[in-house]
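Have the sequence and the 3D view side by side as you read.

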Amino acid sequence: MQILNRLFGVLSSLRLTVISIAAAFVLVFAGTLAQVHAGLYYVQEQYFQSWMVMWSPASGAYKIPIFPGGHLIGAVLLINLITAHIRRFSWTWSKAGIQLIHFGLIVMLAGGLATDLFSVNSYMRLRKGETKNYSEDAIRMELAVIDETDASIDQVTAIPGEVLSKGGEITHETLPFKIIIRSFFANSKLRNVGQEQGTSLPAASNGIGQRLSITIAEPTTKIDERDVMSAVVEIIPNKGATLGTWLISDAMAERQEFDLESHHWSLQIRPARYYKPYSLTLQTFTHEVYPGTMTPKNFSSKVNIVDPEGKNSRQVEIWMNHPLRHEGDTYYQSGFEPDDSGTVLQVVRNPSYQAPYVSCIIVAIGLIMQFTRHLTGFARRAKPPIVP
Amino acid sequence: MKRLLPYIFLLASVLWLGLSWVPHTPKQGEFDLGAFSRIPVLVGGRIKPLDTVARNSLLIMRGKQTVYIPDGKTLAATRWLADTLFDGKVADTYPVFAVANQEVLGMFGMPQQDKRYCTFDELRNYLPQIEEQGKASSETDSKERTPFQTAIFNLRNSLVLYQQLKNSVHPEGTVDFAKEINTYAETIFAGTASLKEGATPLEKERMNLLKTSLARYQAQTDSSYMRVVAPLADGQAMDWLTTGDALIRVDSPESIPAPVSAFADMGDAYRAGDNVAFSKVTKEYAGWLSIQHPDWTLRSNYELRFNQMEPFYQSMVLYVGAFLLACCSWLVCPKGLRKTAFLILLLALVVHSFGMFSRMWLQGRPPVTNLYSSAIFVGWGAVVLGIVIERLFRDGIGIACSGLVGFITLIIAHHLGSNGDTLEMMTAVLDSNIWLATHVVVITAGYSAMFLAGFIALAYVLLGLLTNRLTKETAKTLTRMVYGVVCFATLFSFVGTVLGGIWADQSWGRFWGWDPKENGALLIVLWCSLILHARWGGFIRQRGLICMAILGNVITSFSWFGVNMLGVGLHSYGFMDQAFPWLIGFCISQVAIVFCAQLPLTSWKSFAKQGGE
């Protein structure tokens, strides 16, 4: 019991608060500087959305934790806040401000953690008149294995990119064949065979891969670029001999095709998709600029939302700072296709998006209460004695 | 008499201000450019007076708002612009192209000095090389450019701007524009008539004239820097045209828009050196504009006044004065000098506020819209807080610290403003007055409070170490000031950061994205809460609080400028490369002072005899 008491004492101590804030400060500072070389996504993953920041030598042979990561610091602060609240809570006016501030912070930290764990961020690209019922991930890729036998419907088996990166053999009950990952590239460059030095060997024995050579590329750190995931896969039917190898890549728009047992199959690496229970159609996209300049004044997209039965449809406009919220998804005007032929909408699914709003209001009230109390005291004491 | 002295001083300062606001009247035989410099035109999506166009163009090209010509005279910006628009040959002889790179100067066979102002005539023969090299550097990422590439890139941009200016009213080298457009309009009219059935077709010569004119006006439109032709009364900003565009739409001599004729007459009078005619036509055109567009004329006139008054320069001078007077008040005549310093600081704040609110009115925006205006606002906020502190404590510290912060931030603003128009239009994502007014203003006020706290803490250390004026009482008071101001900084920074998160959630779909600018704001919040919690827990005392407040200066300047220099975000600012050594120097000085503050108290001049904190 005494140990528990002491543990409670440590967890709720101001010393732990100060240490955690100091650690958070160091982490944020280091994480900001690290973005110069490592890029935003990598740092976000390694520093802020991790339990420990790891260091590994250039050879990458081992990893050692060197500093607490964002999740760990956040969790410790959260526990510290909650326990301190329990320990020191009292219903007095003089404490109300401080207590509101910290209660608001609890809501914010918990909401932030929930956002990190549960929110999904994707994009929907629509050309004028196009209808889609899915959005695409900005980073994660998938291998789509498509049964195209029936021309009116695609039977898709999607294999996440992370599975491909592990290599080995992929089997699935819907597939009458095995997929063997012969090689995998997180980022790659495709060249015509013989185009440059080091591109003498074709990547695969079938499809466009016979004419292309593949080389490995460093992962990109730029915010406006994306890694080009590629793989060479071998298809071996469950009954029968190998069909050979195919090159599949994010850089190729066309699918790689083959026939097996009177079924027509195709393979494609594409951004991971999230299907929606409704669809969006782009009516118009407008891109206004200030007269005589290229400075954008506004972007806006008019879209039609149609529910699955196709019964209810409504038209909405999405523009800068005015997102559309629908069925738990939020659509933001994010960008546009070259020559304004289409729009790019960012799609966010974040179950805890209201947490910051609630916490902000609570903390602001707390801060104002606290500082008005301070300030009135401060002003009263600061007045010099009046000399008659 | 002694009691009146502060007010006499104030009066003298007001007189100094008033004198520099008296507009310059032209001497006999000189061109009267008053009405000309007020004429509004459309550049960069904004309607502004020609005076602003002239000043900003010169800032971009040579870094100053005036031109020094070899015979020792100074040329006002509008005079230079008038030459450039109407009489290119004369303008070609002015040294307006700043080249600050020895290699580039060497390329032109000029003496290899650090900086030289070249004329267009001097550069004329090297245009193909500049174009070639400049194009190559424009394809290089701005961070990876060598100094040579940067210099040649900037020179190429200046030359492009200059050429565009020369073609802004009429194609370069035009002699008699009024006559030219009249002939053109008559020919168009005749040409339209000749298309009717049974009419005789236009002679070949006149057909050719039409063809070449149309091509000429199209070329002018393509290379013009500004749109000078204002629409008629019911027009919108969208409807401004270039002269070429306006002429292409003409179908008879009567349909030539009034602004085109006015500019044509202006140019002809200017080239002929006829100052009476020039003055008459500019005034007539100004009158036409004020009837057609009273609102634009009002703003344009106001902006001209604002440009001429240079309120930020004047408040900069006054801030230095207030700072020096406050410092002197600790040595001699404490009461009188402090009062004088306070009055001067108030005057400086009035002028500073006038400048800031003028910009807000001209732009129709909240005070902070870009880095330049953030510097103006940081100083303003710090001075307001400093005045409050001074009213509470009455010891001159508030005056000295806020005067210094006001001066430094206005210097920074001055350098940030050398990239061109500081009242630029907002890109789509920033186009939200509510968020600009709340998030941006609150977070910038947080910077103000951080800097003020940091500078009061600096005063504590410097007074304590170097003088014997820091008594125990004063030390206690200063600490209370720092603590109070840090509380304010916490409030502003936290609320500002959260508002920023909410804006980001509204426009990008995430509350927090670990972007460098966001992290910078978070660092300030974390630092403030660290100071407050460490103080509440008794982990730091007086000196610790002071030192942490000084380090707050480093963190705030990192968050304000440092993150922009990392080159990770979406913006890169030209000024940033030059500012980097200054930022590093400032940070090192702050850390050095914190180190000095660690000396045992017995080595502090103030505490040597008193002993202990």
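Two residues count as in contact if their C-beta atoms, placed from the backbone, lie within 7 Å. Before going further: this is a predicted model, where local features need pLDDT of at least 70, side-chain atom pairs count only at pLDDT 80 or more, and totals for chains, interfaces and linings use all residues. Residues are numbered from 1 along each chain as its sequence is written, while chains are lettered from A and ligands numbered from 1 in the order in which they are written.

**Where the chains meet**

The contact takes 50 residues from chain A and 50 residues from chain B. On the chain B side, α18 (371-393), α21 (472-507) and α22 (516-536) each supply at least two residues. Helices here are DSSP runs (H or I, at least four residues), as are strands (E, at least two), numbered from the N terminus. That side of chain B splits into 31 nonpolar, 14 polar and 5 charged residues. Ala, Val, Leu, Ile, Met, Phe, Trp, Tyr, Cys and Pro count as nonpolar, Asp, Glu, Lys and Arg as charged, and the others, Gly among them, as polar.

**A helix pair in chain B**

| Helix of chain B | Residues | Contact residues include |
|---|---|---|
| α13(B) | 258-272 | Ala262(B), Met266(B), Tyr270(B) |
| α14(B) | 275-292 | Phe278(B), Val281(B), Trp288(B) |

The axes of α13(B) and α14(B) come within 8 Å and cross at roughly 160° (axes are lines fitted to C-alpha atoms over the stretch in contact, and angles run from 0 to 180 degrees between N-to-C directions). The two helices are therefore roughly antiparallel, a label for angles over 145 degrees. By class, their contact has 11 nonpolar, 1 polar and 1 charged residues.

**A sheet in chain A**

Over in chain A, 4 strands form an open antiparallel sheet in the order β6-β7-β10-β11. Strands pair if DSSP finds at least two bridges between them. The edge strands, β6 (168-170) and β11, each pair on one side only. β10 (residues 230-237) and β11(A) pair over 6 bridges; among the facing residues, Glu234(A) partners Thr245(A) and Ser230(A) stands opposite Ser249(A). In their hairpin, with 6 residues between the strands, Gly240(A) takes a positive phi near 125°.

Conventions
Angles under 35 degrees count as roughly parallel, over 145 as roughly antiparallel, 65 to 115 as roughly perpendicular and the rest as oblique.
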